[in-house]
Amino acid sequence: MQNHDTPEGGLGAISFSSEKVRQEIDAIERYHSSLPEGDDRDVDRTVQAACAYLRHVNRVQLAVRQSLWSAFGEKSFETLIQRVCRALVDSGGYDAVWIVLIGPDGGCQTWAQAGLGSEAVVLDRIFGAGWFPRCGHQRCDPDTDQKGGQVQPDIHCETCPFGELCRPPGSLVARLAFGAIELGMMSVTLSPDVVAGDAEVSLLQEVAGDLSHALYDVSCEQQRYDTEVGLGESRRAMATLLTNLPGMAYRCRLDDPWTMLLVSEGSVSLTGYHADELIGNRVIAYGAMIHPDDRSMVQKAVDEGVANSGSFEMEYRLRARNGKEKWVWERGTAVRFGDSVVALEGFVTDITERKRALEELQLSHRRYHILVEDMPAMVCRFLPDGRLTDVNESYCRMFGMERSALVGHNFFTFLLEDAREHVRRHFLSLTPEHPMATYEHEVITPDGRRGWQEWTDRAIFSDQGTLCEFQSIGRDTTERRSAEEALRASEKRYRAYVDNSPVGIFIFDDEGRYIEANASVCQMLGYSQAELKALNVNALSVSDGVGQMAPIVERLKQEGYIQTEIPVLHKNGGVVYGRLEAVALDSGQYIAYFIDQTEQRKLAAQLQQVQKIESVGRLAAGVAHDFNNMLSPILGYAELLIDELPAGTECSGYALEVKNAAERSRNLVRQLLAFSRKQVLRLDHLDLRGIVSGMEALLKRTLRENIELVLELAESPCPVRADVGQVEQILMNLAVNAQDAMPDGGELSLAVRMAVQDAMNPRFHLELSPGSYVLLEVMDTGVGMDPATAEQAFEPFYSTKGKGGTGLGLSTVYGIVAQHGGTVLMDTQQGKGTRFSFYFPSEDEMPIEGVAAPRKESPSVSGDETVLVVEDNEVVRNMTVSVLTRQGYCVYNAASAEEALAFLDEFGGTVDLLLTDVVMPGMNGRELYTQVSALYSGVRALYMSGYSDDVIAHHGVLEEGIHFIQKPFTIEALTRKVRDVLERA
């Protein structure tokens, strides 16, 4: 122990050995007593004070050393610090001492005291709870200035449960630590005759240092004892294991020569040196045996392993005692104490034979690889599950893939899917007795090329007979097979052309007997091939009467080729119109080509009818838009006049007539839009049976009493996606027409059932695609139509009712059905009635039961919400604003989308509803709503238009969630629609 900072300074640095200090004190006292009377008393007092302090230091040092010496070999922290506390109080001259050690959790682990008296009980209770003084933590902080001596109180000391126990008057606190390891703190209370100066602080620090060292020794002793007791058996087992390991286990220093501290007996077989020759580098250093070319690599591998994961693994060359060079594999790990690496431990084993075998295997593999790569044939190896393990360059070229992409790919995926299982069974059928076989199969390359390959396959089995792998050598046989199949293909080509041709092809002789006919001829005429061969071509021709085919045969004999159009008899008695081309063959036979043109004739007639309707429809749609815009203010203002004028007055009557005329005009426009397929539909999933049954009561009230209404409804649901109102309009129009066709009474039948259009059977109608349909039939027993009338029945403005009819009834029906994606067929005979057949596409989704109940309308049509009206037609806009303002709404208006957006930019309030025209100059209504909804997240939209537009509807069918009102609209319709949209969730 040393004291460097005594206040006197003249004593200098004194090494305090107990005996030496005592001798020095005695010498100073003898010298002091020999001084004559009257000398400088200040020097005398200084000498006396120095002697007194030296005695104090000697007592403290002696007490600490005696207590530590008596505790030598002690394994208990508590016993050690208790002895130190007692020695410092009994022999060291301190009034009180207490020591506390820090546990792993930062709290008190154990503590001891001497001289505290009753205060010891308080501290014992506090430390027993695991507490540790905050000022103690501050003292134990290595950054704290250790020369300050007494720890000054901080702002928390007033609430600290230790109170003055931590730092009574005249106390010093010292940190207990060994290196970076924090151990605890020690507090001493000085005697009144001892000054708490720098010298005393330095003395306490040295005492704390000695105690810290002793505490660390106790910790190490405990660890050694626990290790020796707990691992005794493990050491014996480890010694046995190390003795029998086929290699060398070691423990060495992390230095340049790798100085060995522990080596197993395996060192003899590995290096030729015994363990005692390697330990401490007695005969040779292990590092000297490492091949000079590998030493830097070994050093780098160890350094990187220690710095990163703490372990390392490597292969390098070693020179043994006999001079032979060996390959060894080493794996080791760093042994740490705190943050320092104190040793390396690991295992080294001889891998020379394995390396030699690996090199020979690699050489053999290179030879095999060169041989295989130079082969023009394809070579591959694959596992029983098909995964390729190796392929040669020819195999890569065949499939157009890199070797890295092919290895791991499945061999069987290059086969056609329907052949994979068959080829797989072929491979698995190979046995150790018959491991080879040749097989040919079709393949398909990744780029889609198909070909044939012939493979000689060999199964590789283990010594136990287990299937390990397949090796196959193959060649491309595509060209050979192509040549072989060319002849067969040419033979089949004629049959394929004939059998699969949509054109009827048949061969006959100069007597008119059928020799051969393809399937198209049989289907066109309704006969099987056997039935045709029993007939004569003359029996089927009706060009100039039966039996008039002979001139054609004669023409063929003379000219060798003819081309004509003839009608031919069908098996069912009908006539098939077609185009015939025939040519004479060298064998005295004739081949004929017959093209059925019956459907084309029907299509031409239907196309002409459709073109008429489409032309009028386009005209009607264009007129309807502008006409609806003109009707809207007429109808709206007429209603406003009716509301304002007293009922029963002449002016009120005039206004009513204006309103009625506008409504009739509106209905006429709607009929125009219906047949031109420009009206707006709202389609729902419905059961068509429910719509028909729901109309029964209304139809009975509409029809005269001498007309019987009969309903024939299917037992199972007939799901369709339809607009209820439009289907009801179809039924009402046809019922009225049927009533007119039955002046003397009769029967009107409505039938609903499912119908399936089979692609293999004749279709109901040329426009019908194969699939499932819902059939609605409307039949009456009326006067029917003559052919001329029937031909014009669906034409717009054609009417049999004279001036009383508009000629839009059936045209409207046709347009509604077509807009639903359906088809209309009419079958009528004069005097036998008329049947209308409507085919609606069937829906997979189950319909709701019956017809959906109408939405319950709000009893009030007024409101106080804010509505923005955007309409480019000034008259319609003003009328709409007037109507909504009268109902209490706060209404703003704009003539265009751009004007509306400009208004909203300056508008500080909220908008509840955007009522906008669909088609406007510039931005349309749908685009306007997209921008407005970005400004007002909860705003709703109601679109208005004079005709359907793809902005909000696709082919006239509203998109989901779209609210729409058709122009012209009544005040009641507008106000209720606005109210309905505002009240929707």
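The legends below describe several close-up views of one predicted model.

Residues are numbered from 1 along each chain as its sequence is written, and side-chain values rest on heavy atoms, with hydrogens and water left out. Because the model is predicted, local features need pLDDT of at least 70 and side-chain atom pairs count only at pLDDT 80 or more, while totals for chains, interfaces and linings use all residues.

**View 1. A five-stranded open sheet with parallel pairing.** The strands follow the order β30-β29-β31-β32-β35, where strands (E, at least two residues) and helices (H or I, at least four residues) are DSSP runs numbered from the N terminus, and two strands count as paired if DSSP finds at least two bridges between them. At the edges stand β30 (890-894) and β35 (964-966), each of which pairs on one side only. From one strand to the next, the twist averages 20°, with axes taken as lines fitted to C-alpha atoms (for helices over the stretch in contact) and angles running from 0 to 180 degrees between N-to-C directions. Within this sheet, four bridges join β29 (residues 866-870) to β31 (residues 913-917), and these two strands run parallel; Val870 stands opposite Thr916 in β31. As a general point, strands of a sheet pair through backbone hydrogen bonds, either parallel or antiparallel.

**View 2. Helices α28 and α31 against the sheet strands.** Helix α28 (residues 874-886) packs on the sheet and touches β29, β30 and β31, a contact meaning heavy atoms within 4.5 Å. The direction of α28 makes about 170° with that of β30. Helix α31 (residues 971-983), in turn, lies across β31, β32 (940-945) and β35, and runs at about 150° to β32.

**View 3. Thr880, a buried residue of helix α28.** Thr880 has a relative accessible area of 0% and is therefore buried, since buried means under 20% relative accessible area, exposed means over 50% and partly exposed lies in between (1.4 Å probe, protein chains only). The side chain of Thr880 reaches the backbone oxygen of Val876 at 2.7 Å; this can be read against the definition of a polar contact, which is a pair of N or O atoms within 3.5 Å, where within protein one must be able to donate a hydrogen and the other to accept it, and residues adjacent in sequence count only if both atoms are side-chain atoms. Leaving aside residues up to four places away in sequence, Thr880 touches Val869, Leu915, Phe969 and Leu974.

**View 4. Salt bridges between side chains.** A search of the whole structure finds 28 salt bridges, each being a side-chain nitrogen of Lys or Arg within 4 Å of a carboxyl oxygen of Asp or Glu. In one of them, Asp390 pairs with Arg403, and the closest N and O atoms are 3.9 Å apart. Asp390 lies in strand β13 (residues 388-391) and Arg403 in helix α14 (residues 403-406), so the pair ties together parts that are 13 residues apart in sequence. Asp390 counts as buried at 18% relative accessibility, whereas Arg403 counts as partly exposed at 24%. Another salt bridge joins the side chains of Glu440 and Arg480 at 2.9 Å, N to O. This pair links distant parts of the chain, with Glu440 in strand β14 (residues 436-444) and Arg480 in helix α16 (residues 478-500), 40 residues apart. Glu440 is partly exposed, with a relative accessible area of 24%, and Arg480 is partly exposed at 33%. Elsewhere, Glu315, Arg354 and Lys355 are linked in a network of salt bridges.

**View 5. The largest nonpolar core, with 36 residues.** A nonpolar core is a set of buried Ala, Val, Leu, Ile, Met, Phe, Trp, Tyr and Cys residues joined through side-chain atoms within 4.5 Å. The members that touch the most other members are Leu88, Val97, Ile99, Leu176, Met186, Leu211 and Leu215. Among the elements that each supply at least two residues of this core are α2 (41-70), α3 (77-90) and β3 (96-102), while the largest share, nine residues, comes from α6. Leu211 touches Leu68, Leu80, Val84, Ile99, Leu176 and Met186, not counting residues up to four places away in sequence. Apart from this core lies another, of 34 residues, among them Leu699, Leu709, Leu748 and Val813.
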